[in-house]
Amino acid sequence: MAHYRAGRRGEAESVCRRVLSAQPGNVDALRLLAAVLRETGRAGEAVEHLTAACRHRPSSTPLAGELGMTLVLASRHEEAIPLLESVARAMPRSPQAHFWLGRAHLDGLRSNKAARCFQAAYDCAPDNAELMSMIGVAMLSAGRGADAEPWLRRYAERRPESALAHSNLAAALNQQGRHEEAEACLHEALRLDPSLENAIAALARHLRRKGEYEEAFRVVEEAVGRLGPRPHLASAYAELCERHGKVEEGVGVVRSALASGKAPAQQGIGLWFTLARLLEAAGDDEAAWDAYVRGNDLYPRGFRAEAKRRFTDEMIATFSEEAMRSLPRASEPCDLPVFVVGMPRSGTTLIEQIIASHPEAVGAGEMLVVPRLCADLARRLRAGWPGAMSGLTPDLVNDASRRYVEALREIAPDARRVVDKLPHNFEALGLINLILPKAHVIHCTRDPMDTCVSCYLTPLSPMHNYRSRLDDLGFAYNEYLRLMEHWRRVLDVPMMSVAYEDLVGDVESAARRIIEFIGLPWDDRCLRFHENARSVSTASVDQVRRPIYTTSVARWKRYEAHLGPLKEALARGGTPTP
């Protein structure tokens with residue numbers, strides 16, 4: 001212990017091992033040796049010694065907490081979670097217990113659970129500024145930029161010298177579409193630390209969103225040359241390589257980043273998917289498929305088919321034909337919103353870009369206002385979503401309508417139409433019909449195989465927990481069809497369907513139908529959507545910078561030999577497949 005306290009880790013390890021050779025059950029020596037191993041990058045070995053210590057003292061909660069923490073550091077979060085949950089129950093005022101449970105959930109991509117754990121830790125230690133950052137980071141990981149922003153802003157105010165604080169705040173602003181503010185934060189982060197890889201990568205992606213590909217590539221290529229293939233840099237560099245004719249260079253950099261073993265789970269997912277896209281561009285479909293599978297296997301399997309089925313059943317029951325006749329509606333309906341809905345990867349970004357190219361329309365991206373309204377109404381009605389909606393009152397409906405329209409007006413005070421293209425708003429169309437009965441809804445459809453395969457081949461947010469397994473994808477797709485068929489029967493909100501294949505086959509005809517449907521006069525700029533300089537944040541950022549192309553139609557056939565589980569799942573739900 002004297003060696004350890006003096007920073008002499010090697011000497012401390014040597015003494016501990018001598019003690020344990022004579023007394024294998026010496027718990028103090030086991031704990032101290034584990035601490036040394038943990039601090040010298042050998043967490044996996046430390047787990048073995050702490051497991052032995054726990055066998056000798058099975059009732060020691062602090063010892064169990066040390067084991068849980070060490071399991072997290074050894075990337076064995078699934079084992080850590082139940083252990084740390086028991087520690088947190090036994091020590092509810094221990095910020096460390098909640099913190100490490102949060103770390104386990106965050107490493108396991110359960111970001112909302114992680115945020116709750118970090119908040120519990122902060123409640124126990126409100127003077128700990130680092131916990132503010134962790135709360136914000138977890139919310140960011142869950143795609144909750146608006147919720148993360150106040151935490152990250154407070155942290156940046158407390159730690160103005162921290163480049164990472166400014167970089168994380170930029171990420172929160174980017175998630176809200178506030179890209180210019182985010183860029184200012186990124187420049188401040190890089191002023192403080194020119195080597196901060198996630199800030200460099202974020203700046204490159206910001207330039208890419210704006211269509212400034214040459215500058216984006218220059219920024220990230222210089223950083224890779226200066227700092228090496230660090231995970232964030234490797235991913236951002238490789239994303240741009242295909243466009244710049246440097247596929248082989250991109251493949252090499254990504255493979256080096258993966259081989260380093262330094263990429264955390266979420267970054268590892270991005271690297272595998274980036275590698276897969278480059279291999280696909282090079283025509284090596286088998287190697288590409290293997291990389292896609294490797295990326296998908298890193299996602300936790302949180303999807304439960306029976307829960308999804310119950311959710312659809314409850315949605316249909318709550319917003320039945322009779323309920324839609326009797327539930328209250330907004331007394332001052334507004335035709336400002338245009339909802340573009342459907343499965344992810346069905347063409348929602350392309351349709352938004354066409355509409356946003358009209359001078360009287362604005363594209364707001366994937367707004368989270370409707371999901372927040374759903375959660376808030378359920379809270380106020382003291383029941384779950386969607387069942388709580390059967391208790392809607394005129395005041396609640398009018399309040400929700402007003403709040404949504406105010407959110408749009410903040411983005412576009414003078415527009416006649418504002419596009420909200422969150423695809424999964426299809427799950428809330430019953431509520432949308434009540435609070436915004438004059439809104440326009442555009443339902444994007446696409447070939448089932450192409451839709452599902454594109455979801456599988458795209459690193460969507462972990463909130464799309466159905467997309468990382470082919471059988472789950474097929475089930476979720478059938479439930480989406482079942483709900484949309486119900487909406488077609490019971491809703492009277494103006495709604496049109498646009499097939500992706502028709503859109504790319506004859507863009508002018510489809511664009512004219514869309515603009516006419518939303519009640520705007522035709523403008524030829526809608527056909528030059530790829531020239532629109534607005535920032536795009538979704539996975540389709542590169543597609544909408546180019547004129548229409550049809551190479552994504554029937555893309556699934558490249559991987560047909562591997563798609564048996566998807567075809568079987570779709571067929572079980574009644575969706576025909578080739």
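The structure is a predicted model, in which local features require pLDDT of at least 70 and side-chain atom pairs count only at pLDDT 80 or more, whereas totals for chains, interfaces and linings use all residues. Residues are numbered from 1 along each chain as its sequence is written, and side-chain values use heavy atoms, with hydrogens and water left out.

A383 is located in the loop between α22 (369–381) and α23 (394–411); helices are DSSP runs of H or I with at least four residues, strands are runs of E with at least two, and both are numbered from the N terminus. When residues up to four places away in sequence are not counted, A383 touches A378 and A388, contact being defined as heavy atoms within 4.5 Å. A separation of 43 Å is found between the C-alpha atoms of A383 and P231, which are 152 residues apart along the chain.

E479, by contrast, belongs to helix α26 (residues 470–490) and is buried, with a relative accessible area of 7%. With the exclusion of residues up to four places away in sequence, E479 touches K308, R309 and T312.

Packed helix pairs are described by the angle between the axes and the distance between them. For α9 (residues 129–141) and α11 (residues 163–175), the angle is about 35° and the axes are 10 Å apart. Here, axes are lines fitted to C-alpha atoms over the stretch in contact, and angles run from 0 to 180 degrees between N-to-C directions. The crossing of α9 and α11 is left-handed, that is, the near helix is turned anticlockwise from the far one by less than a right angle. S133, V137 and L140 of α9 meet N168, A171, A172 and Q175 of α11. These contact residues comprise 4 nonpolar, 3 polar and no charged.

At the level of the whole protein, 29 helices and 5 strands are present. The C-alpha trace spans about 85 × 55 × 50 Å along its principal axes. Of the 578 residues, 55% are buried.

How values were computed. Nonpolar A, V, L, I, M, F, W, Y, C, P; charged D, E, K, R; others polar. Buried < 20%, exposed > 50% of the residue type's maximum accessible area, 1.4 Å probe, protein only.
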